[in-house]
Amino acid sequence: MFETIAQHPIASALIALIGLALVFGALLGYAAVRFKVEGDPLVEQIDTLLPQTQCGQCGYPGCKPYAQAIANGDAINKCPPGGQTTINELADLLDVEAPTLDEEHGEESEVPTVAFIREDECIGCTKCIQACPMDAILGAAKQMHTVIVDECTGCDLCVEPCPVDCIDMIPVASGIRDWSWELPAASHEQADLIATDTGRGHTQRKTGEAA
Amino acid sequence: MTQLIKVWDIPGGVHPPENKAQSLIEPLTPLAIAPQLILPLNQHIGAPAKVLVEVGQQVLGGELLAEADGVFSAHVHAPTSGTVAAIVEHVVPHPSGMTDTCIILDTDGQDSWQPLDEAPDYQNLDKAALLARVRAAGIAGLGGAGFPTAVKLNPRANQPIDTLIINGTECEPYITADDILMQNRADEIIAGTQILSKLLGEPGRVVIGIEDNKPDAIATLREAAKDTRIEVVSFPTKYPSGGEKQLIQILTGREVPAGQIPASIGIVCQNVGTTAAVYRAVRFGEPLVKRITTVVGEALDTQRNVEVLLGTPIRFVLEQHGFNEKKASRLVMGGPMMGFSLPDTSVPLVKTTNCILAPTRKELPPPSPAQACIRCGMCAEACPADLLPQQLFWYAQSEDLEKLEAHNLFDCIECGACSFVCPSHIPLVQYYRAAKGEIRQHRIDKEKSDRSRRRFEFRKERIAKEEAEKEAKRLARKKAAEEAKKKLAEQKAATGDAKTAPAPAPADDEKQRAKLERIVAAAEDSLKQAQKPLEDATDEQREKQQARIKQADVKLKAAQDKLAALGAATSAEPAPTDKAAPAKAAADDPVSAAIERAKAKVAMSPEDKLRSSLESLYKRLAKAEDKAREAREQDSDKADALEQGVSKLKEKIASTQKELDELTPSNVAEPTPRDPSTSDTSGGATADAASNAIEKAKARAAAMSTMSAADKLRNQVDSLEARLEKSRARLSKAEAENDENIDAFKAGVEKLEVKLAATREQLAQQNEQA
Amino acid sequence: MALTRITSPHTHRALGTGQVMRTVVMATLPGLAVLTYFFGVGTLHNVLLASAVCMGFEAAVMAVRGRPVLFYLRDCSALVTGVLLGLALPPYCPWWLVVVGSFCAIVLAKQLYGGMGFNPFNPAMVAYVILLISFPLQMSQWAAPSDIGGHTPGVLEALKQIWAGSSIDGYTAATPLDTVKQNSSLMLDSVYLQDPVLAAGSFAGAGWEWVNLAFLAGGAYLLYRRIFTWHAPVSMLAALALMAIIFYDGGSSNSGGSVLFHLFSGATMLGAFFIVTDPVSSAVSNRGRLIYGASIGVLIYVIRIWGNYPDAIAFAVLLMNFAAPFIDYYTVPRTYGHKKSQRATKKADL
């Protein structure tokens with residue numbers, strides 16, 4: 001056995017390599033079948049972080065397509081409704097530096113808004129119903145329409161199609177029942193920390209406000 | 001009397017200066033009736049009560065002003081006689097300093113009451129009657145949280161109660177309201193305890209827990225409880241041993257599992273004040289309209305306990321006690337550890353107000369500025385829940401919500417012991433409260449975005465399905481014709497009275513199955529969703545969640561059943577005739593077939609298309625007529641139906657012919673709206689429109705920023721004019737195209753014209769003013 | 001009426017960070033006094049100089065960072081660092097050693113990491129280790145205790161030595177830890193007989209046993225005042241004692257010295273009560289502090305006996321500073337109402 005190997009070094013090396021290649025190939029093939037991942041988990045994960053307003057401000061027709069685009073390497077700062085929070089979460093997920101919001105795609109609004117149809121002006125053209133990605137507008141042809149406030153994401157896609165401009169985006173009323181404490185005003189020592197890992201989100205928020 | 005009852009110790013805790021003596025010097029005094037009472041509709045945890053009275057209505061003392069809205073709510077009664085002056089938004093005692101709906105009652109000073117429903121023989125009442133009396137009195141926990149008492153006294157059947165704890169701890173500094181109540185009305189407390197005990201099915205152990213810094217109260221209660229099985233237990237003074245969970249640990253050694261209520265381990269806890277109120281409600285039918293409150297602080301001339309009507313403005317209470325505004329550093333409702341500072345003195349006293357604290361600057365100095373955390377660990381030493389406050393602070397600061405939950409933020413009872421000991425004066429509790437609020441908001445947002453995603457996806461699916469169905473229908477019609485032809489041939493050959501193949505049925509099945517599958521998927525999804533946050537949810541949320549889970553479960557099961565039934569049906573159905581099988585196979589893939597047909601169709605010009613369809617129609621007509629004739633000859637009962645089909649086909653042929661005629665002269669290949677080839681371009685157009693819209697909106701926002709009112713109006717006029725023009729253009733286009741929306745456009749133009757006129761007028765006025 | 005709105009709790013314990021730090025400084029005074037009694041004014045001078053320079057650096061950095069200088073100086077954390085560094089440095093070391101050490105402690109080890117509360121390592125120990133590695137000669141010259149007849153320099157002489165670099169003859173002597181380490185070939189008894197410092201002591205070397213007793217007294221005072229919990233210092237001392245018991249074989253040449261010798265020589269007590277208890281760089285929970293302290297105790301013995309440096313406190317503390325976050329991960333206490341404690345690494349389901 002050893003003699004044969006010693007006599008034909010090149011042949012035996014080739015055989016050994018081929019053998020190894022076959023073994024590993026089989027292993028990899030088996031692993032590919034056995035541990036096959038259904039769908040693209042990254043796209044799903046990104047999609048869950050996006051705010052699901054389906055507003056299209058990012059330039060894609062909905063949140064899922066944008067998630068797909070991010071997974072393929074698009075910038076993560078194109079989502080004004082999600083704002084800095086979403087960008088930070090995405091940066092966390094993808095393990096990249098969190099950029100600030102790209103102003104080209106709109107500004108982060110301070111308060112969430114919902115669409116409101118001034119019903120006395122509505123002519124019942126159903127154009128907003130067709131535009132709403134959420135099916136959150138109720139109505140029929142030549143009947144006035146109304147917005148299901150709970151389902152409205154505030155994407156404002158219904159505003160433009162309205163022929164009589166009777167749709168307003170109004171801030172969501174916040175009352176005593178959904179009030180909650182604010183973080184204490186950052187005293188000066190917390191304002192511009194030399195970055196530590198845990199302080200990152202905080203410092204960024206502060207500088208963002210200052211700018 | 002020696003005490004042989006074992007008490008346990010709680011971890012952590014602090015010993016702030018007690019400051020309880022100054023308010024105990026003077027006896028308990030009833031306070032005068034204020035000229036105006038402000039009664040918030042939400043003095044408890046849960047839904048606000050529903051108003052029953054009208055403005056201007058005369059009410060008597062004890063009359064129901066607002067009734068509980070659902071189970072988690074409590075009634076609001078008139079504390080005295082008077083007139084309802086208003087039902088308005090008014091500042092309420094709440095840390096936010098915000099307003100809420102209140103009933104303003106102008107008192108008449110008569111204090112005339114409606115007759116009370118007394119029950120001298122209350123001991124013979126059954127549980128339901130007792131509970132009804134408690135509920136009717138609108139009692140909410142008087143200890144500070146304000147949980148509707150009737151809810152707590154009605155534990156679920158699967159949670160037998162073995163211990164009733166009456167909380168007379170009063171561990172907060174300064175407050176002596178419960179102390180003085182126990183000293184003065186021990187009999188009422190004992191009687192109330194017996195009622196509670198009966199309501200809860202006579203639990204094995206009934207115990208009143210009091211801190212050992214109230215020897216008088218302990219002695220009085222022991223005396224009153226002498227001939228009963230009620231234990232009066234005293235234990236070492238330490239803050240926060242009066243917290244419900246802490247008191248349970250002290251008296252029983254057991255811990256309430258995280259996210260659950262004491263009833264889940266067979267314990268119900270009630271405050272002594274609540275207990276006395278329960279007695280008065282049951283015995284005398286007295287609603288909860290007054291309570292004992294400690295009025296204390298160096299900024300007052302008189303410090304004492306008063307019995308005061310609910311709704312009395314704090315200002316009135318302070319006036320009665322010689323409040324020196326200049327000396328006061330702040331005004332606190334509740335104790336110094338957990339109370340909240342009031343925005344102004346107009347807020348009313350409510351069911352949960354156990355103390356009004358008006359300290360001087362020397363007494364409670366304003367907090368020093370926060371220094372950096374040195375991780376000294378004093379907070380962890382003080383925490384009664386064994387949390388790591390400094391870690392929580394760290395994560396709250398960086399808003400790391402996941403880590404906060406992992407460190408059990410929601411087990412924090414916000415007792416303030418950590419902030420009390422912190423040498424760096426960090427407002428730790430505020431960090432936790434803010435973080436909790438943020439996490440809750442995050443959960444709500446998450447839930448909403450999940451729902452949005454599902455809705456959006458269903459919508460997309462639905463639209464796709466609609467398209468496919470339209471296509472499939474067209475196909476099915478064609479296929480039906482072919483099939484009929486084939487069948488006819490077969491029929492001729494076999495001469496049997498073969499039934500027409502149920503072609504649409506399998507298609508229906510298919511559709512139904514898809515729908516059911518979708519429902520199942522959605523139900524599974526929502527079930528998963530509902531189960532996820534269960535772990536950390538609070539009690540109330542838990543209940544809701546569980547209901548939702550059950551609902552989702554039921555839905556899921558129903559859908560699965562249906563699906564299974566359908567599967568059984570389809571599998572049971574096959575092969576009464578051999579013909580059904582190929583038909584089903586064909587129907588199995590209607591979409592791809594449809595696509596193929598559609599492609600073929602697109603390749604044709606509309607004219608060709610019409611022509612070909614006309615041809616096929618003619619063919620079908622011929623076949624149908626043949627068939628009808630045949631049927632008539634055989635005297636089949638189907639003849640009528642077939643003839644009807646023939647007439648329908650004829651109609652269709654006529655209409656197609658007309659269309660073709662119209663098309664031919666113009667010879668323009670204007671696509672019919674249903675033509676699939678246009679859907680792409682129209683999609684592109686929509687996208688363009690969307691981006692245009694975005695741009696426009698941006699420009700508008702930029703322009704709007706710096707403008708005077710007149711300018712704004714002028715702009716508005718301009719934009720209205722532009723819109724009007726646009727609308728007119730749309731209208732004329734619609735008229736040209738004979739659009740179905742033409743009426744809508746007309747109405748729109750008219751409305752815009754009206755609006756434009758109005759805005760112009762406004763502008764003119766503005767100009768005049770200028 | 002506009003009232004100030006302040007979040008609860010509205011009452012606070014009077015004990016502030018500045019006061020905590022000042023108490024710590026006060027508790028070092030007995031030790032400092034004994035050091036001065038046995039070794040002369042060298043250590044006192046070290047402490048004063050290091051405190052002043054540390055406060056100076058702190059103030060300078062705060063000014064550069066645009067923060068209120070006085071507000072930060074008032075927390076006295078720089079003072080504590082300075083005092084501890086001064087106590088750790090050998091007496092009569094040149095002035096620039098103290099200044100370099102203070103710079104390392106305040107600027108490098110503390111402020112560059114974000115200042116008070118953010119430093120992962122104990123500043124005084126970082127400075128000590130940097131100096132020990134960079135200037136081994138200057139760092140190993142300890143004075144001889146006065147009660148064995150060693151020459152204790154006077155004030156003037158000392159100032160000359162420190163500021164002008166003129167050297168005093170015959171004031172140095174090997175510390176007991178050095179002696180035991182360098183004479184590993186001898187039986188322990190003969191080492192005790194030969195070395196004057198050890199021979200004159202009653203159990204752990206002349207002077208040194210009293211210094212350690214004084215620091216123990218200071219530490220006991222801090223425990224009494226509840227400035228820190230007993231967990232870390234007690235577990236450290238216990239672990240060190242345990243190691244000494246395990247490896248004490250009655251005094252052969254391989255022996256590392258008796259239990260008392262280890263507990264009362266070198267910087268053991270200073271380390272146990274003033275270094276290990278530094279809250280910023282230690283583990284946070286009580287259970288964590290037990291582990292943290294015990295590990296330091298074991299490491300001290302290991303480094304003293306089998307390592308290259310005879311006094312091991314600084315290295316042991318810094319090594320465990322590294323491990324503190326790791327300890328924290330696994331010692332989260334069981335929260336009320338939970339069956340078992342959660343791992344800090346566990347991610348919550350949001």
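Biologist: Which helix of chain A holds Leu27(A)?

Modeller: Leu27(A) sits in helix α2, residues 9–34, of chain A. Helices (H or I, at least four residues) and strands (E, at least two) are DSSP runs, numbered from the N terminus. This is a predicted model, where local features need pLDDT of at least 70, side-chain atom pairs count only at pLDDT 80 or more, and totals for chains, interfaces and linings use all residues. Residues are numbered from 1 along each chain as written, chains are lettered from A and ligands numbered from 1 in the order written, and side-chain values use heavy atoms, without hydrogens or water.

Biologist: Is Leu27(A) buried, partly exposed or exposed?

Modeller: Buried means under 20% relative accessible area, exposed means over 50%, and partly exposed lies in between (1.4 Å probe, protein chains only). Leu27(A) has 49% relative accessibility, so Leu27(A) is partly exposed.

Biologist: What area is buried between chain C and chain B?

Modeller: Interface size is often given as the accessible area lost when the parts come together. Buried area is that loss (1.4 Å probe), summed over both parts. For chain C and chain B the value is about 5,400 Å², with 55% from carbon and sulfur atoms. Contact means heavy atoms within 4.5 Å. Chain C gives 48 residues to this contact, and chain B gives 71.

Biologist: How many salt bridges and polar contacts cross the interface of chain C and chain B?

Modeller: A salt bridge is a Lys or Arg side-chain nitrogen within 4 Å of an Asp or Glu carboxyl oxygen. The rule finds one salt bridge across this interface. Arg334(C) and Glu255(B) form a salt bridge at 2.8 Å, N to O. A polar contact is a pair of N or O atoms within 3.5 Å; within protein, one must be able to donate a hydrogen and the other to accept it, and residues adjacent in sequence count only if both atoms are side-chain atoms. Here 21 residue pairs are in polar contact, both at pLDDT 80 or more. On the chain C side, α1 (17–27) and α17 (286–306) each give two or more residues. The largest share, three residues, comes from α1(C).

Biologist: Which residue forms a salt bridge with Arg455(B)?

Modeller: Glu151(A) does, with the closest N and O atoms 3.6 Å apart. The pair joins two chains, because Arg455(B) lies in helix α13 (428–494) of chain B and Glu151(A) in the loop between β3 (146–147) and β4 (167–171) of chain A. Arg455(B) is partly exposed at 24%. Glu151(A) is buried at 13%.

Biologist: What about Arg760(B) and Glu721(B)?

Modeller: Their salt bridge has its closest N and O atoms 2.1 Å apart. Arg760(B) is in helix α22 (742–769) and Glu721(B) in helix α21 (709–737) of chain B, so the pair ties parts 39 residues apart in sequence. Both are partly exposed: Arg760(B) at 40%, Glu721(B) at 28%.

Biologist: Where is Ser197(B)?

Modeller: Ser197(B) is in helix α4 (186–199) of chain B. Ser197(B) is buried at 4%. A polar contact of 3.3 Å links its side chain to that of Arg229(B).

How values were computed. Buried area = accessible area lost by both parts, 1.4 Å probe.
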